[in-house]
Amino acid sequence: MSSGGADYDVLVFGSCIVDFISYVPRLPKVGETLHGTQFATGNGGKGANQCVAATRLGSRTAIIGKLGDDPWGTAYYTALAAEGVNVEHVDRVPDESTGIAQINVANNGDNQIVIVTGANKRLGPSDVVRRQDLFDRAHVLVCQLETPVEGTIAALHAFKGVSILNAAPAESNLPHSLLSLATIFCAKAATHKLQDMGCKTVIVTLGEKGAVFAQPDNDNRVYHVKPMKVNKVVDTTGAGDAFIGALAHYLAKHPDAELGNCIAAANRVAAWSVQKPGTQSSFPRAGDLELPADLATLQNQWECV
């Protein structure tokens, strides 16, 4: 499927979660109470984060998701629309709370996160069936694991273009059907093991060490993509989502580019985000980045290992 014939560069099937963020000198130990230095709220959830990241870089985006029928849901819906995301397929669920995340962020940028998914747990196969036309009109599909796996499997089955499954939050014993359906599986695990389990292209994110990837047609070769150096890490919350949203954007906008070049570009977006506080608020817009129009110039940022 070419991006030229698609209504949307990136379609996201996933979560919308409100962040409650406490900034602390360090992460608390078990049973310990610490005095925080600042409190903030923001919009998060891996699905919406990745959608906003792609939108800010210039992709035409839409999201299929669930929000509670509460003030948090109303505010989130408005904020997504203001970002330029198509929110026509975000449902407000009666008698369900909007998903929330409690986040502690330490001075060194490390974080702890607890999520209560709320309305997100209602995102299922029926939401795919009634929106097949939307799946037919997108170039790249992005899914995660903050919503029920049955719906994610249905979404991947319904989509015929390039699909990215972000295996986060990490779960054990994922169905083999889920692993084999996505075009690209992005995780923090051994590449060859994941391919042996049925994954096709595998990307393993390594944070400050960059990323590695392997493709099924490259004779078991693994490639390392160099990280983008940053002066100071302020907040790592959402950096992985900035990477996935950017990767989807570059795959949609540069369908003929080599995967390593797209990953290198996405690394730069993630590196920008960790130097800013917050989650979606830390994601760059296209004009913020010094990226070449031709991603081939990033060829020197990755190599076979």
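**Ground rules.** I am working with a predicted model, where local features need pLDDT of at least 70, side-chain atom pairs count only at pLDDT 80 or more, and totals for chains, interfaces and linings use all residues. Residues are numbered from 1 along each chain as its sequence is written, and side-chain values use heavy atoms, with hydrogens and water left out.

**The sheet.** I looked up the strand order and found an open sheet of 10 strands, E5-E4-E1-E8-E9-E10-E11-E12-E13-E14, with mixed pairing. Strands are DSSP runs (E, at least two residues), as are helices (H or I, at least four), numbered from the N terminus; two strands pair if DSSP finds at least two bridges between them. E5 (90-93) and E14 (302-304) each have a single partner strand, so one side of each has no neighbour in the sheet. Next I checked E8 (residues 138-143) and E9 (residues 162-166): they run parallel and are joined by four bridges. Val140 stands opposite Val162 in E9.

**The rings.** I counted five aromatic pairs. Rings of Phe, Tyr and Trp (its six-membered ring) pair with centres within 6.5 Å; planes under 30 degrees apart are stacked, over 60 edge-to-face, the rest tilted. Phe13 and Phe135 sit 6.5 Å apart at their ring centres with planes at 50 degrees, so I noted this pair as tilted. Phe13 is in strand E1 and Phe135 in helix H4 (residues 132-136), 122 residues apart. Phe20 and Trp72 are edge-to-face, 5.2 Å centre to centre with 90 degrees between the planes. Trp72 is partly exposed, at 40% relative accessibility.

Notes. Buried means under 20% relative accessible area, exposed over 50%, partly exposed in between (1.4 Å probe, protein chains only).
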